[in-house]
Amino acid sequence: MRSWILTIFMFIILSLTIVPSGATVLQAYNDSTLSEALLEARENDVIYLNPGSYTVAVSFSKKGLSVVGKNANEVIFDLSGSNLKMSAENCSLKGVTIVNSPKGVEVKSTGCEISKCKFEGLTYSTGIYIKEDNTLFQNNIVSNCTGTYFAVYGLGDECTYHGNTFINNNCAGLSLYTNSDNSVVYNNVFQQNKYGIYIWSSGSGNEIYLNDFIDNEEHIIAKNPPSIEWNSPEFITYTYNDKSFSSYLGNYWDDSGSDVNDDGIIDSAYTVPSGAGTDSYPLASTFETYIDASEPVDLVVDSLYTKSLVANQPNRIRVNISNIGETDADSFKVVLYYDDESLGEEVIPYLPAGSSTQASFTLLPPSGDISLKAVVDIEDNVEETLESNNEMSATIVSESVDIDEDWFQFHKDEQHTGYYPGDAPNDSTLLWVSDDINAIGSSSPVVAEGTVFVNCGDSVMSSSGDDDSSVTGLDMYTGETIGTFGRGCTAWGSWASPCYYEGNVYCARSDSVNGGDLIVNGKRYVGDYAGYRYHCTYEENGTPIWTKSVNGLAMGTPAYSDGMVYLTCCKFETSGDVYCVDAETGETIWHMSTPTGHDASGTASVYNDILYFTTYNWIGNGDIYAVDKYDGTVLWRKTIQRTDSCPAVAYGNVYVCGGCPDYSKLQSYCFNAVTGEEIWSTTASYYGGIGGWTGSPVVADGKCYVGEMDPSMYNYTAIYAFDAYTGDTVWSSSGGGASPAISESILYTVGKDGKVYAYGSLSGSRAEFTSNVSSGDVPLSVSFTDVSVGNITGWQWDFDNDGVIDSTEQNPVHVYEYAGEYTVSLKITTDEGTDTEVKDAYIDVATHDDWNIWDDSTSENGVNITTDELQEAIHYWLDNISTTESGEVVTTDRLQELIHEWLEG
């Protein structure tokens with residue numbers, strides 16, 4: 001055993017992997033778990049069969065699917081008259097015994113492999129059916145078959161039959177049948193069969209050499225035999241009776257002649273029966289004599305690796321394993337222990353000599369030193385030259401990470417965790433309710449700079465974007481409408497959510513649906529719904545960086561983690577896809593597809609090393625997936641109500657909701673983030689159930705907040721707070737319910753009435769104020785209103801932020817005599833101390849001439865506003881166009897003044 005203090009290094013050798021990237025190894029223990037695995041499996045997945053008896057007639061219907069038994073002595077398929085069918089290309093069957101079957105296996109697609117299996121007593125006249133090309137049939141035992149013609153019926157071209165034993169069959173061991181071209185038969189034993197090989201009008205280019213033909217009634221029977229090469233294609237160096245030779249080598253025939261010169265080759269050529277040709281170099285002994293025995297397998301643990309170990313979050317630990325022997329290793333298991341407790345086992349289906357691979361495990365550790373031990377071939381399934389190098393121990397330091405309280409992006413942050421680390425409402429105390437601002441029913445706010453930003457528009461289900469839609473800003477403490485901040489997004493009923501970044505607010509593109517913006521490191525990522533693509537641009541100026549085409553409607557908000565961006569897409573009722581791309585280049589790192597009918601139409605979230613996403617199934621249940629964020633390996637998948645919900649992650653759990661009124665029940669869930677074990681769920685109900693397909697729960701302060709969906713299917717009618725650990729109801733309220741946001745311990749959520757609801761209370765003392773106007777011409781009279789919280793004993797107003805106190809009244813009036821932008825501050829004094837609120841550039845004062853570019857000599861009489869000038873001014877007002885270099889714009893008050901002047905003539 002080697003014990004190391006592991007130094008964390010920064011690179012994974014991705015070329016180590018034998019199982020394809022993103023593939024999953026599913027384990028079966030009986031017929032039930034095998035059937036479940038077959039339903040669960042995707043392309044290139046592996047189903048590992050633990051010891052036992054199975055009766056399922058497996059159909060290999062997914063490309064690259066492998067079914068691997070521990071070994072053929074311990075894994076038995078008793079098929080009771082059925083066969084296994086390999087109908088998808090590049091599938092594999094390894095390490096099983098098949099009994100009570102007519103054909104054993106039917107190979108009906110190209111590139112398949114059958115190896116290290118036993119076929120006992122096949123009854124069909126032509127036995128194992130190999131119809132298609134490039135089949136590899138190796139290291140199998142085929143015995144006691146009772147069919148009339150063949151034990152193996154070879155029809156495919158360019159097939160390989162290697163290392164097999166055909167014994168005691170009442171028919172031919174192997175057939176090369178009509179037009180089977182360019183196949184290779186070598187290192188096989190044909191013993192005590194009716195015929196060794198049956199050759200019937202097979203094609204050209206077939207090679208048969210280094211085989212043993214022993215005690216068959218007839219070694220070869222041929223009909224219309226083609227030209228067959230019975231010798232090795234090149235010289236082989238071998239040792240015979242302690243002497244070294246180099247020659248072509250043929251086959252061992254137990255009825256051939258003698259070897260007088262003792263070179264291991266019979267002195268005269270062997271005439272193959274049925275006119276099938278001549279073996280010019282027949283062997284004097286069985287072929288095993290001429291093949292150097294390879295050293296056995298030697299498995300070794302090379303290293304333990306993790307990019308970093310984050311306390312109280314799921315981490316993927318990689319165990320790098322090599323086979324330094326000279327023989328390929330069959331399936332074996334790897335186990336990783338944390339303080340003597342197993343983190344699970346991973347099956348390595350196959351590891352060629354001289355190759356390396358990787359086993360991965362998930363750990364949610366506390367902070368501090370973490371002791372790990374990896375053990376390879378835990379069940380001693382592989383015979384090795386050295387067993388003492390099968391373990392490695394390491395100590396890794398797990399460190400906590402700080403989580404900020406900013407809620408700037410959809411579902412809080414770049415990873416869309418939906419987790420707020422501060423306090424959150426313990427009851428249904430309502431702080432404020434906004435006016436009806438036409439907030440989009442399923443959208444989620446973001447909060448920044450004391451403002452709640454909300455996607456607003458005239459219609460929840462409009463067929464195109466509404467020109468009047470906008471992002472509305474509300475004062476986070478009072479709910480007062482501050483103003484609009486650019487366009488919203490309502491195309492095709494979109495419920496896209498805003499995104500705040502360094503003073504700017506975004507809400508998707510005009511061609512986006514549901515998914516909004518991700519902005520990180522100065523780059524903006526956002527989807528083009530019907531364009532089947534995602535765009536990456538520089539946030540500062542919109543310059544394109546890359547565009548990524550995807551296999552469906554680009555409906556999700558991209559997620560970001562460790563230089564990778566995660567994209568979702570779907571084709572309604574047909575398919576779903578998830579992509580991991582390089583954040584800088586858009587190049588695909590990995591890509592996976594969901595099962596037919598399961599749309600990946602929501603937004604993914606990232607919990608340290610694991611990516612979580614959901615699927616919407618139009619005719620049944622959906623799913624929640626947990627996958628390795630680095631390579632897409634599926635760690636677990638659970639059935640839930642159909643949904644587009646973005647999972648929230650906290651406390652080692654993942655929270656999600658789903659359901660669509662009239663079509664599926666509404667329900668919310670909590671799962672163990674590492675294992676997928678269900679911790680709790682709400683009662684499923686078509687009406688009155690908690691959750692909904694457009695909603696995303698959030699978690700804070702030991703509570704999970706989730707909405708109750710309205711029968712309209714796009715709005716929410718209530719908000720619930722559940723104990724995050726038990727699922728018990730803490731409180732509920734009939735206002736709001738759409739995907740919440742939390743900031744400064746206040747929960748914000750949109751209701752079905754177009755209003756925003758704020759739950760919580762303002763703790764302590766807080767300075768805050770409003771004004772009756774924010775802009776106008778000199779002289780501008782402004783009434784300020786104190787809305788501060790606390791037991792206030794004094795007020796100090798500074799109307800121009802020059803450090804001089806201008807008023808100590810609670811609600812003063814101030815007249816601005818000069819043009820300019822004015823920052824205003826209010827300092828309050830309470831029993832607890834003082835607090836100051838500063839509003840930058842809060843009051844904008846202009847002279848008449850500063851903004852009114854139409855009151856000039858070109859007007860009628862040099863003063864009057866013409867109709868053309870008024871129309872131009874209205875255009876400036878609608879599009880917020882500056883009229884001066886200093887940025888003056890036509891406000892609503894100023895437009896009314898122009899209209900008055902125009903009317904007065």
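Reader: What makes R316 and D628 a salt bridge?

Author: The term asks for a side-chain nitrogen of Lys or Arg within 4 Å of a carboxyl oxygen of Asp or Glu. The closest N and O atoms of R316 and D628 are 2.8 Å apart, so the pair meets that rule. R316 sits in strand β33 (residues 315-323) and D628 in strand β58 (residues 622-628), 312 residues apart. Helices (H or I, at least four residues) and strands (E, at least two) are DSSP runs, numbered from the N terminus. This is a predicted model, where local features need pLDDT of at least 70, side-chain atom pairs count only at pLDDT 80 or more, and totals for chains, interfaces and linings use all residues. Residues are numbered from 1 along each chain as its sequence is written, and side-chain values use heavy atoms, leaving out hydrogens and water.

Reader: Glad to have that! How many salt bridges are there by this rule?

Author: The count comes to 26. Another of them is E40 with R637, with closest N and O atoms 3.5 Å apart. E40 lies in helix α1 (residues 31-40) and R637 in strand β59 (residues 634-640), so this pair ties together parts 597 residues apart in sequence.

Reader: Why is R637 called buried?

Author: Buried means under 20% relative accessible area, exposed over 50%, and partly exposed in between (1.4 Å probe, protein chains only). R637 has 17%, so it counts as buried.
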